[in-house]
Amino acid sequence: MKARRVLLLGPPGAGKGTQARTLAAELGVPQIATGDMLREAVAAGTEIGVRARAFMERGELVPDEVVVGVARERLAAEDAREGFILDGFPRTTAQARALDEMLRELGTGLERVVVLEVDEEELVQRLLRRAEIEGRSDDNEETIRNRMRVYREETQPLIDYYRQRGLLREVPGSGSVEDVGARLREALCA
Ligand code: B4P
């Protein structure tokens with residue numbers, strides 16, 4: 001049986017968002033992407049958006065208490081009862097602990113964590129290409145390098161956190177979007 005409560009981990013530009021979108025549609029569960037939610041809050045000028053903006057533009061993580069609040073509300077929504085694809089949350093150990101607690105309160109838990117692995121130079125090239133297409137303010141080379149450093153320091157430790165619990169599968173994230181998607185789906189069944 002395919003896992004339906006899934007977390008996608010990986011460095012910036014690894015393809016979490018790209019894969020989460022199609023996978024969520026296929027499984028009929030919501031994609032919960034804190035990056036997208038924060039960008040919407042920035043665009044709408046909400047209180048959360050005002051707090052998040054400067055961190056995002058520097059390629060820093062938005063403070064845990066802000067992101068945890070956003071994720072908690074979304075996960076408690078009716079449409080997430082039967083499953084969800086978490087994309088970009090958690091990104092720190094404190095967020096991972098908060099997620100454990102949230103899911104425990106909701107009487108559920110993660111079934112699978114997949115880390116998409118891509119070489120850093122390829123990631124930088126992908127994000128610079130995206131900058132030309134989408135013009136995201138955090139997709140310039142200096143900020144991208146900072147996001148990679150933040151990933152190594154803050155988010156990579158989560159790989160061991162989930163490996164120790166037997167939830168982790170490592171999936172190579174290079175190749176076509178379709179090939180990566182096929183590997184990812186296999187990792188959800190295995
Ligand atoms: P995110 O929006 O999560 O940004 P990301 O890591 O850059 O995106 P992703 O890995 O999803 O890449 P994508 O599929 O789009 O976060 C942005 C910022 O928000 C963070 O820096 C932080 O400030 C803040 N934030 C978010 N969550 C937070 C949290 N939990 N705590 C604190 N702060 C938080 O792919 C990238 C590009 O590659 C695309 O152009 C895509 O077309 C291309 N691509 C994808 N797959 C490919 C493939 N197989 N081959 C070639 N190109 C591919």
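**The ligand and its surroundings in a predicted model**

Q: Which helix supplies the largest share of the shell around the ligand in this predicted model?
A: Helix 2 gives 4 residues to the shell, the largest share. Helices that each supply at least two residues of this shell are helix 1 (16-27), helix 6 (120-134), helix 9 (177-189) and the one asked for, which spans 34-44. The answer is helix 2.

Q: How many nonpolar residues does the shell around the ligand have?
A: There are 33 residues around the ligand, of which Lys-16, Thr-18, Glu-60, Arg-130 and Arg-147 come nearest. By class, the shell holds 10 charged and 11 polar residues, and its nonpolar residues number 12.

Q: Which residue places a polar side-chain atom 2.8 Å from an oxygen atom of the ligand?
A: A backbone N or O atom of Gly-17 lies 2.8 Å from an oxygen atom of the ligand, but that atom belongs to the backbone. The polar side-chain atom at 2.8 Å from a ligand oxygen belongs to Lys-16.

Q: How much of the accessible area that the ligand has on its own does the protein cover?
A: A backbone N or O atom of Gly-88 lies 3.0 Å from a nitrogen atom of the ligand. On its own, the ligand has 1,000 Å² of accessible area.

Q: Where is Pro-90 placed?
A: The peptide bond that leads from Phe-89 to Pro-90 is cis, with omega near 0 degrees. Pro-90 itself lies in the loop between strand 3 (84-87) and helix 5 (93-105).

Notes. Residues numbered from 1 in each chain as written. Predicted model: local features only at pLDDT ≥ 70, side-chain atom pairs only at ≥ 80, totals over all residues. Heavy atoms only, no water. Near = heavy atom within 4 Å. Polar contact = N/O pair within 3.5 Å; in protein donor to acceptor, adjacent residues only side chain to side chain. Areas by Shrake-Rupley, 256 points an atom, 1.4 Å probe, with all protein chains shown as cover. Nonpolar A, V, L, I, M, F, W, Y, C, P; charged D, E, K, R; others polar.
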